[in-house]
Amino acid sequence: MNIYKTLILSFAALGFTSLSAQNPIVRNQFSADPTARVFNGKVYVFPSHDIPTPEGKGLRKDWFCMADYHVFSSENLTDWTDHGMIVSQNKVAWVDSASYSMWAPDCIERNGKYYFYFPANKNVADANGRKGFGVGVAVADKPEGPYVPLSEPIKGVNGIDPNVFIDKDGQAYLYWAMGNIMVAKLKDNMTELASEPQIIANLPQKGLKEGPFLFERKGIYYLTIPHVENKIERLEYAIGDNPMGPFKMAGVVMDESPVNCWTNHQSFVEYKGQWYLFYHHNDYSPTFDKNRSIRVDSLSFNADGTIRKVTPTLRGVGVSSATNKIEIDRYSSKSETGSSIALLDSVNTFNGWKTILNDKNAWVQYNTVDFGKQRLKTVQLRALSEKGATLEIRLDKVNGPLVAEIKVPKSADWNTVEAKVSKFQAGIHNLIVVLKDSPVEIDWVQFQ
Ligand code: FUB
């Protein structure tokens with residue numbers, strides 16, 4: 001057994017799994033509504049966990065179906081660890097365990113305790129006869145848990161998509177969605193409201209609004225929301241100088257999904273001096289947009305504090321090691337013609353994608369690969385070519401230094417082929433694969 005497999009097995013025995021990923025960043029299950037937080041020098045992501053609706057279960061057919069939550073962490077934003085399930089609908093006293101309605105969560109640290117906020121359908125009506133969505137809290141001593149859910153949801157909160165912000169003066173605020181975007185102060189215990197809920201004014205009146213996420217940067221408070229301006233959600237933001245507003249709409253952070261994924265859901269985090277936007281898309285479920293996958297891309301601001309619109313990428317963020325399998329279908333750029341990507345298996349989509357190069361000189365580029373310092377001697381590539389193909393591997397740009405030429409044998413099956421690295425270059429480079437003759441499909445590239 002190789003060392004990689006041994007590590008995976010021992011992680012699994014401990015209840016967590018190691019994932020190595022670009023976009024989407026979680027590759028062993030569906031995930032949505034990511035809230036990213038920096039705790040103890042690492043990024044932790046608390047997403048929802050979409051599942052295909054089990055026969056006869058859930059709120060309704062062809063709808064969101066979510067029974068529990070996992071938490072993921074990473075130090076380099078490339079290798080993610082799944083710490084396993086932290087809260088389940090079956091283990092929370094007030095949750096209707098037949099509702100599969102554990103929607104967008106949040107988590108925040110206060111005085112060494114981690115407070116995980118989650119919406120779900122209540123199993124009993126409240127004093128006002130209301131069932132519907134409540135917001136619960138589960139508390140842990142470590143970000144990865146174990147979390148202990150409180151036996152009651154937060155009093156006075158009916159709605160979804162909780163988000164918590166703690167201001168510089170220590171005051172905590174809870175935001176949530178209920179048609180409008182709501183806000184209330186939280187008591188120091190983080191589990192009770194300290195003020196009456198109020199509607200945040202000046203947000204768009206037409207079109208669904210949900211998923212509030214508030215953050216502060218250089219004295220500006222950014223209230224971000226998914227909003228349906230047209231037919232599906234896009235990420236928008238408003239700015240103000242107080243966590244409770246008033247806010248003024250300031251622009252769009254991310255446009256609507258090009259393939260009509262109906263929802264999006266955002267969080268913003270600064271990590272090691274760089275800002276990131278976490279969001280979701282239906283990468284592993286192209287025909288059903290309620291089974292989503294979380295992604296991350298870099299984010300930047302203009303000098304006046306406004307947010308530069310983010311174009312979603314497949315490459316995502318982080319540095320990939322040349323000695324890992326590099327999924328070049330998560331490309332940074334590609335030739336305008338003769339190059340495309342497709343799922344390897346349209347039934348088991350978690351098998352990922354392949355790059356298809358059809359025309360002579362078609363190419364695909366994957367940025368920010370670390371070749372290290374030690375000379376790498378060979379390169380392997382998993383590929384399929386019915387006529388046989390020749391590929392060039394170049395660095396930095398399409399006509400950059402040639403590091404290897406690889407012959408893919410004529411075959412109807414996938415083959416792992418190997419070639420010598422003729423010119424090793426240490427350090428971080430962009431990787432380019434160029435087709436020199438007949439069509440080829442490529443799964444991954446790896447250097448040794
Ligand atoms: O994931 C279920 C719901 O879809 C979330 O609560 C909303 O924000 C939207 O993403």
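Trainee: In which strand does serine 293 lie?

Mentor: Serine 293 lies in strand β20, residues 293-299; helices (H or I, at least four residues) and strands (E, at least two) are DSSP runs, numbered from the N terminus. Please note that this is a predicted model, in which local features need pLDDT of at least 70, side-chain atom pairs count only at pLDDT 80 or more, and totals for chains, interfaces and linings use all residues. Residues are numbered from 1 along each chain as its sequence is written, and side-chain values use heavy atoms, with hydrogens and water left out.

Trainee: Is serine 293 buried or exposed?

Mentor: Serine 293 counts as buried because its relative accessibility is 0%. Buried means under 20% relative accessible area, exposed over 50%, and partly exposed in between, with a 1.4 Å probe and protein chains only.

Trainee: What does serine 293 touch?

Mentor: Leaving out residues up to four places away in sequence, serine 293 touches Pro24, Phe30, Ser31, Tyr279, His280, His281, Asp283 and Tyr284. Contact means heavy atoms within 4.5 Å.

Trainee: Where is proline 24 placed?

Mentor: Proline 24 is in the loop between β1 (17-20) and β2 (32-39). The peptide bond from asparagine 23 to proline 24 is cis, with omega near 0°. Another cis peptide bond joins glycine 245 and proline 246, with omega about 5°, and proline 246 sits in the loop between β16 (233-240) and β17 (248-254). Most peptide bonds are trans.

Trainee: Turning to the ligand, which residues surround it?

Mentor: The ligand is surrounded by Asp33, Phe64, Met66, Trp103, Ala104, Asp161, Glu210, Thr263, His265, His280 and Arg292; a residue is near a molecule or strand if one of its heavy atoms lies within 4 Å of it. His280 is also among the residues that serine 293 touches.

Trainee: How far is an oxygen atom of the ligand from the side chain of arginine 292?

Mentor: An N or O atom in the arginine 292 side chain is 2.7 Å from an oxygen atom of the ligand. For the side chain of histidine 265, the corresponding distance is 2.8 Å. A backbone N or O atom of alanine 104 lies 3.5 Å from a ligand oxygen atom.

Trainee: How much of the ligand's accessible area does the protein cover?

Mentor: The protein covers 99% of the 270 Å² that the ligand has on its own. Accessible areas come from the Shrake-Rupley method with a 1.4 Å probe; for residues, only the protein chains shown count as cover.

Trainee: New topic: how many residues has the largest nonpolar core?

Mentor: That core has 40 residues, and those with the most contacts inside it are Phe46, Val87, Phe116, Phe118 and Tyr147. A nonpolar core is a set of buried Ala, Val, Leu, Ile, Met, Phe, Trp, Tyr and Cys residues joined through side-chain atoms within 4.5 Å. Strand β7 (residues 113-121) gives the largest share of this core, four residues. A second, separate core of 31 residues includes Tyr366, Phe371, Ala404 and Phe447.

Trainee: Where is phenylalanine 447 found?

Mentor: Phenylalanine 447 is found in strand β31, residues 440-447. Phenylalanine 447 is buried, with a relative accessible area of 2%. Its contacts, not counting residues up to four places away in sequence, include Phe371, Leu376 and Val421.

Notes:
Polar contact = N/O pair within 3.5 Å; in protein donor to acceptor, adjacent residues only side chain to side chain.
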